[in-house]
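User: I have a two-chain model open and would like to talk it through. Could you take my questions as they come?

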Amino acid sequence: MAERRRSSVPAGRLLGLTLLLVAPAVAVLIGLVLLGHLGIVAAVAAGLAIIVLTGAVLRPIVADLLDVAAYLRADLDEDRTPPEARYSETARDIASAATFLRQRAGLRVAAAEARADSHAALLDCLPGPLLLIDQGRQVVRSNPAAEALLGRAVTNRPLASVLRDPQILTAVDAALDDGKRSELQIVFTGPVERNFEVLVEPLATATGAGAPADGARLLVQLHDITALVRTEQMRADFVANASHELRTPLTSVLGFIETLRGPARDDQDAHDRFLAIMFQQATRMKRLIEDLLSLSRIELREHTPPTGRTDLRRILSQVAEGLQIQAEEKGVGVVLDIPAKLPPVIGDADELTQVFQNLMSNAIKYGRRDTAVTVSVERVGRGPAAMPHATRTDALVVHVRDAGDGIAKEHLPRLTERFYRVDTARSRELGGTGLGLAIVKHIVNRHRGALTIDSTVGRGSTFSVYLPPSPGSFEDR
Amino acid sequence: MPPLGTPHTVRAFDAELDALNQKIARMGGMAETQLGDAVQALVTADLALADQVIKGDDAVDTTEDSVNEMVVRMLALRQPMADDLRVVMSSLKVAGALERVADHAAGIAHRVHTLKHHAPVPAVKSVGRLGTLVLELLKDSLDGYTNRDTERAIRVWERDEEVDALYSSLFRELLTYMMEDPRNIAPCSHLLFVAKNLERIGDHATTVAEVTHFIATGKRLGRGRPKGDTTASFDMPESK
């Protein structure tokens, strides 16, 4: 404090103290007068003089003491210099002791505040929403994640107005009354459904000496498990889809068997016709099972990249040869445009065969009659962004181009999903399983490559597979 | 929820008002869960969940009784005035609406059992969509009520039209199914009742929104609520 104001000494107190101090001297004077050693006038004068002088000496001392008292009483955060206490050594002593005390207390408070701040910061940084609840079911504290989730400030409001879910409220009651900890799952409805795992936990220190000052008794913790629930849903959907896909041909085969054993027992024409259909359906089931098996096999190995070296040229010619009959039936020519000298790629020959088999047979199936399917290979300086960074440079790309009807833009991102079909009826008719491109995608992923699809409706589609070259293959060119 | 206005001299009154508000919020959560579960049970044909909804209705009724008791006590002992009176009286109305919501939800759950005896109709999905919309509205109206959020209340009040429109189109869809195949008549009639239940729940959500507006502003929302339900003047669609 810049301006030093001495405490004013209340007159009554000063008078009382003075009278107390002069009492022995006055008693001696009265004694002297009674014994006749001193004249009454002189005695009265001496007495008054003693009182006045004592008062005068006492006054600054009392003022010093009052100053010190005021200093001691002051708040810790008030910045005060200790009083000078010129007249009283005792007051000076007390003042210096008080200064020491103030400093120590100040340090302690600062440390405690810093700790509280860091705890608060910790709470605020936690990504999961947290709420601290007191005995009256009020939210006493929350972190920003909770406010973001609930969309408003939630502190100092009753829990029920923030989270109404009866399960949570019951769990909170149980925790407050019996100290029971509970874990539950709730769904937040709304335009986007979200699933949460909620943990209601009584605070261990909520009662007794270490009880938090804000009265928090329990912690409500929310953990977003939407992604988990969705994944589980997808898995269930996949199983349902797969069994549905298998059941359809199975039902038709069973139906034909029933007919063949019953009404069409002796009908040779029907036998031929039905057996052909049954063969077709059974083949479809077999293909589907093969595809499902290879898909799950590839998925199992997807995280370990292949190590062998493969010659793309050989694979592509073999696949093209194998599809010759299919292509001729459809009147589609397969044109291979492969450079004479091609570096080998890292890859599993069987899997890559499956990739190009699927892509080329798709191109033949969906290409228009009397058009050509072109398969070309080239080297690119840099693969597409979808490729892992480590294998991106100097990639090889195989384009499989058809002149079919093309695929509308909205289907492109979903093409590689299992059982996703642009046109279900047409795919079934052409004998597709709905898994071909999913298999391609997983194999290409395992090879640390990328699959891109370009398509123009009415002009045709290009499926491009980017593959990393085997190391050292570019030096010996 | 912070009590409106300044704290009262009788602090017990604040505590009681707070308890009442909490009870209503809790009851809202119950009604919401009942409705959500009922719709889920309908769409997934989950009989166990439907049973749970039917059993859960009692808890909502009990809560409504205790709200009524609290309101009567407060009226008799504290004689609230002005905005307090509005809050206390409207609690009665909101609790009534929520109890009806839970009743309708239980009604839907009963129909899940009946529907199980019939071949599944694809229209269940459309009814489920109506259910999701109504649930969203109910949630919004309760959020509005617990926060005294007039804007949200008005939004709910306006969106009830969507429910009515969806209900009308659903009505038409169900009629079409019935005309296509007489075997669809039984399940579709049940779905028609479910849809009507949902439409009624939408109306109750609107009631809650109106009450919110009344508490916060002391004024009523106009009578001219947009109405999109035209089923009253609906003939059988012409068969082609």
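User: How many helices and strands does chain B have?

Analyst: In this predicted model, the secondary structure of chain B comes to six helices and zero strands, and along the sequence it reads as α-α-α-α-α-α.

User: And how much of chain B is buried?

Analyst: Of the 240 residues in chain B, 43% are buried. Among the contacts in chain B with a separation of 6 or more, 81% are between residues 24 or more positions apart.

User: What about chain A, how many helices and strands there?

Analyst: Chain A has 13 helices and 12 strands, and 25% of its 477 residues count as buried. For chain A, residues 24 or more positions apart account for 61% of the contacts with a separation of 6 or more.

User: Which residues touch the most other members of the largest nonpolar core?

Analyst: They are A:Val172 and B:Ala109, in a core of 84 residues. Helix H3 (residues 82-115) of chain B gives the most to this core, with 13 residues.

User: What does B:Ala109 touch, then?

Analyst: Leaving out residues up to four places away in sequence, B:Ala109 touches B:Ala38, B:Ala41, B:Ala50, B:Val53 and B:Ile54. There is also a second, separate core of 41 residues, which includes A:Leu415, A:Leu437, A:Ile443 and A:Leu467.

User: Switching to sheets: what is the strand order in the open sheet of five strands in chain A?

Analyst: The order is E7-E9-E10-E12-E11 (chain A), and the pairing is mixed. Strand E7 (333-337) and strand E11 (450-456) of chain A stand at the edges with a single partner strand each, so one side of each is left without a neighbour in the sheet. From one strand to the next, the twist averages 20°.

User: How do E11(A) and E12(A) pair?

Analyst: E11(A) and strand E12 (residues 460-467) of chain A pair in the antiparallel sense, over seven bridges.

User: Which residues of H9(A) are buried?

Analyst: The buried residues of H9(A) are A:Leu312, A:Ile315, A:Leu316 and A:Val319. Seen down the axis of H9(A), these buried residues fall within an arc of 95°, so they line one face of the helix. They pack against strand E6 (309-310), E7, strand E8 (345-346), H11, E9 and E10 of chain A.

User: Back to strand pairing: how does E4(A) pair with E3(A) and with E5(A)?

Analyst: Strand E3 (residues 182-188) and strand E4 (residues 194-202) of chain A pair in the antiparallel sense over seven bridges, and the bridge partner of A:Phe188 is A:Arg194 in E4(A). E4(A) and strand E5 (residues 216-224) of chain A also pair in the antiparallel sense over seven bridges, with A:Leu199 standing opposite A:Gln221 in E5(A).

User: Is A:Asn156 buried or exposed?

Analyst: A:Asn156 is exposed, because 12 other C-beta atoms lie within 10 Å, and a residue counts as exposed at 12 or fewer.

User: And what is phi for B:Arg148?

Analyst: Phi of B:Arg148 is near 50°, a positive value in a residue other than glycine. B:Arg148 is found in the loop between helix H4 (123-147) and helix H5 (150-180) of chain B, and B:Arg148 is partly exposed, with 19 other C-beta atoms within 10 Å.

How values were computed:
Residues numbered from 1 in each chain as written. Chains lettered and ligands numbered in written order. Predicted model: local features only at pLDDT ≥ 70, side-chain atom pairs only at ≥ 80, totals over all residues. Pairing = 2+ DSSP bridges. Helix = DSSP H or I, 4+ residues; strand = E, 2+ residues; numbered from the N terminus. Axes fitted to C-alpha atoms, helices over the stretch in contact; angles between N-to-C directions. Buried ≥ 20, exposed ≤ 12 C-beta atoms within 10 Å, placed from the backbone. Contact = placed C-beta atoms within 7 Å. Arc of directions from axis to C-beta. Core = buried A, V, L, I, M, F, W, Y, C linked by C-beta atoms within 7 Å.
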